[in-house]
Amino acid sequence: MGAPAGSEGTSSAAHAGARVGEDHHAHSAFVYFQPGEVLIRQGEHATDVYHLFEGEADVLVDNVAVGRVGEGEVLGAIAVLTGSSRSATVRALTRCSAVRVPGSQFHHLIRAHPTLIQRLMTDMARQITRLNHQVVALSG
């Protein structure tokens, strides 16, 4: 993920505009978002993780843009791993395509493929570095 964020199931308001490629109960599914549609909504309970494979989206905290995510990034992992609410909203800037992975399946993937944890940690470290630069630029 490109900034603090997470995600939820398609029955929530966050997915009202998403088109789902298949029945997704306990299974991964392709989901599609048009510009302006919300992939993840700040404050909602996290049940799914997304792998964005096409498009770009803005990351907003309290309706303030704090970053941008793009192709190849994993969205929502922090909230699913910690059991916390979503810390940011992610809104499609361009048409976005993603694979939505239910949290239980995501936990299984991490146990089965420990190298996934290394990739997530690398992505999170990049996010923290990018946010630190933004904080310094704003304070100086």
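Reply: Two strands are said to pair if DSSP finds at least two bridges between them; strands (E, at least two residues) and helices (H or I, at least four residues) are themselves DSSP runs, numbered from the N terminus. The model is predicted, so local features need pLDDT of at least 70 and side-chain atom pairs count only at pLDDT 80 or more, although totals for chains, interfaces and linings use all residues. Residues are numbered from 1 along each chain as its sequence is written, and side-chain values use heavy atoms, with hydrogens and water left out.

With that rule in hand, E3 and E8 pair in the antiparallel sense over two bridges, and Val-38 stands opposite Arg-91 in E8. These strands belong to an open sheet of four strands in the order E3-E8-E5-E6, with antiparallel pairing. Its edges are E3 and E6, each of which pairs on one side only. From one strand to the next the twist averages 35°, where axes are lines fitted to C-alpha atoms (for helices over the stretch in contact) and angles run from 0 to 180 degrees between N-to-C directions. In general, strands of a sheet pair through backbone hydrogen bonds, either parallel or antiparallel.

Another pairing involves E2 and E9, which run antiparallel and are joined by five bridges; here Val-31 stands opposite Ala-98 in E9. Buried means under 20% relative accessible area, exposed means over 50%, and partly exposed lies in between (1.4 Å probe, protein chains only).

In soluble globular proteins, nonpolar side chains tend to be buried together.

The structure holds three salt bridges, a salt bridge being a side-chain nitrogen of Lys or Arg within 4 Å of a carboxyl oxygen of Asp or Glu. In one of them, Arg-68 meets Asp-58 at 2.9 Å, N to O, and this pair links distant parts of the chain, since Arg-68 lies in strand E6 (residues 64–69) and Asp-58 in strand E5 (residues 57–61), ten residues apart. Arg-68 is partly exposed at 41% relative accessibility, whereas Asp-58 is buried at 15%.

Arg-95 and Glu-54 form a salt bridge at 3.2 Å, N to O. Arg-95 sits in the loop between strand E8 (89–92) and strand E9 (96–102), and Glu-54 in strand E4 (residues 48–54), so the pair ties together parts 41 residues apart in sequence. Arg-95 is partly exposed at 33%, and Glu-54 is partly exposed at 32%. A further salt bridge joins Glu-44 and Arg-41 at 3.8 Å, N to O; Arg-41 is partly exposed at 31% relative accessibility.
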